[in-house]
Amino acid sequence: MRTPPGDHLARWLLRQRWYAGRDKAVPHTALSMVGAPYEHDGLSVALAVVTAGDGPATERYFVPIAHAAGHGLASDPIYTGDAEWFDAFAHPASARVAIELLGRSTSAVQATWLDEAPLDLTGLTAAAGEQSNSSLLTGQHVIKVLRRMQPGPNPEVEVGQALRSSTSVATLCGFSQLADGPTDVLVVHRRIAGADGFTLAVADADRQAVGEVEQHFPGAAYELGITLGAVHSDLVTAFGEESSASYGPELSRRLLRRLDALADLDVLQPYLSSAAAIFGDLARVQRPLTVHRVHGDLHLGQSLFTDDGWRLIDFEGEPRRPLEERRAPESPLRDLAGMLRSFGYAARWSRRPGGSGGWEHAARRMLLEGYRLQRPDAVDEQVLEALELDKALYEVGYENAYRPDRVRIPLSAVAALAGRG
């Protein structure tokens, strides 16, 4: 089985939403097979790993490839020449074969299935929307392909195993690892019949802006705060917690390093000194602060509103952060800050006249009230405000790189939180 030429692979990689180096130069790439290719009904499918970059900046991505001569299955082929090569997850037929390969334990793959009902691939389709990984849907399951490969337990799998009995999160059904590492590359959850929280929030913010009655918020924000508090309590039960007087100075150093990484962004220049002062003040915090395992990348898009209340999903953490950092104990206020920022996005997502500042204020207040009902002593205002500013700064960097037309949203929050708005 001949592999696609490296120059074609590099150019294709730069077009992928999940590739972390899209804002950098064309990378040096190499592709290696994992096990033997599989032939099925005119398709050749191989589990493969792409190495991108050189030296310490090298990263590895899980990119199963497929070849179907003359069938024209790929809308974004890696290579079309004497053979058409494409990402196996770009078409349902080849995706089905790749998933079946990953569902068999071999010398190269370790598959684990936890559910009583087997995986049903009927109606397999790709999930819509932007993704840091690749997600596929069936009638009963959500299948996530973890593209960026980092050896060690992925938080999505680790937390999913620990919280299988929780009624507030999506149920983990199974996962697959490549023996190299081992590295988690596929995660399967039970599909939840619910509405995306961000979509509901944007719709309600728009209604409020034109004087109509909201359908879910801000009351739903109170219930969401209760659910988040319950999930944090479940995480404490599963993984434990720590109380440390040194966390304030440690957090200060970390946030200042993250701020320094954004120092070259022109749009942030008016706010850097104020942000540095806010983060520096944390170094003087001597009171004990509680840390434990958290979601790590929480926003309204990671929540589903169902007939039985809210469910939280996607416990992978921020995919661009190192795996050990995503698995480390953290302040639960990082999750709370992420959700507060998400309300800010929902209020400003549509370019409507007037805006929805009142809606955002009410949703924030209700979220905090619901969370405090579950965990009355967990909210430290100074830490929460610093983490919300850190999140907004991160969002500016992200939007500047990927969606510059949206950078106005987090930039307005940075201005307000840094005292310059």
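Predicted model: local features only at pLDDT ≥ 70, side-chain atom pairs only at ≥ 80, totals over all residues.

Biologist: What makes the chain agree with a compact globule?

Modeller: Its radius of gyration. For 421 residues, a compact globule would come out near 22 Å, and the chain has 22 Å, so the two agree. As for its dimensions, the C-alpha trace spans about 60 × 45 × 45 Å along the principal axes.

Biologist: And what is the chain built from?

Modeller: Twelve helices and 20 strands. Of the contacts with a separation of 6 or more, 67% are between residues 24 or more positions apart.

Biologist: Why is serine 176 called buried?

Modeller: The cut-off is under 20% relative accessible area. Serine 176 has 4%, so it counts as buried. By that same cut-off, 53% of the 421 residues are buried.

Biologist: Where is serine 176, and which residues is it in contact with?

Modeller: Serine 176 sits in strand β14, residues 172-178. Leaving aside neighbours within four places in sequence, its contacts include Leu102, Gly103, Val109, Gln110 and Ala111, plus Thr183, Asp184, Val185 and Leu186.

Biologist: Why are β2 and β7 said to stand at the edges of their sheet?

Modeller: Start with the order of that open sheet: β2-β3-β6-β8-β7, five strands with antiparallel pairing. β2 (38-40) and β7 (79-80) each have a single partner strand, so one side of each lacks a neighbour in the sheet.

Biologist: How do you know that β7 and β8 pair?

Modeller: Pairing takes at least two bridges between the strands. Two bridges join β7 to β8 (residues 84-87), so the pair meets that requirement, and the two run antiparallel.

Biologist: What do the buried residues of helix α7 pack against?

Modeller: First, who they are: in α7 (residues 272-281), the buried residues are Leu272, Ser274, Ala275, Phe279 and Gly280. The buried residues of α7 pack against α6 (247-260) and α11 (381-402). Packing here rests on contact, with heavy atoms within 4.5 Å.

Definitions and conventions
Residues numbered from 1 in each chain as written. Heavy atoms only, no water. Helix = DSSP H or I, 4+ residues; strand = E, 2+ residues; numbered from the N terminus. Rg over C-alpha atoms; globule rule 2.2 N^0.38 Å. Buried < 20%, exposed > 50% of the residue type's maximum accessible area, 1.4 Å probe, protein only.
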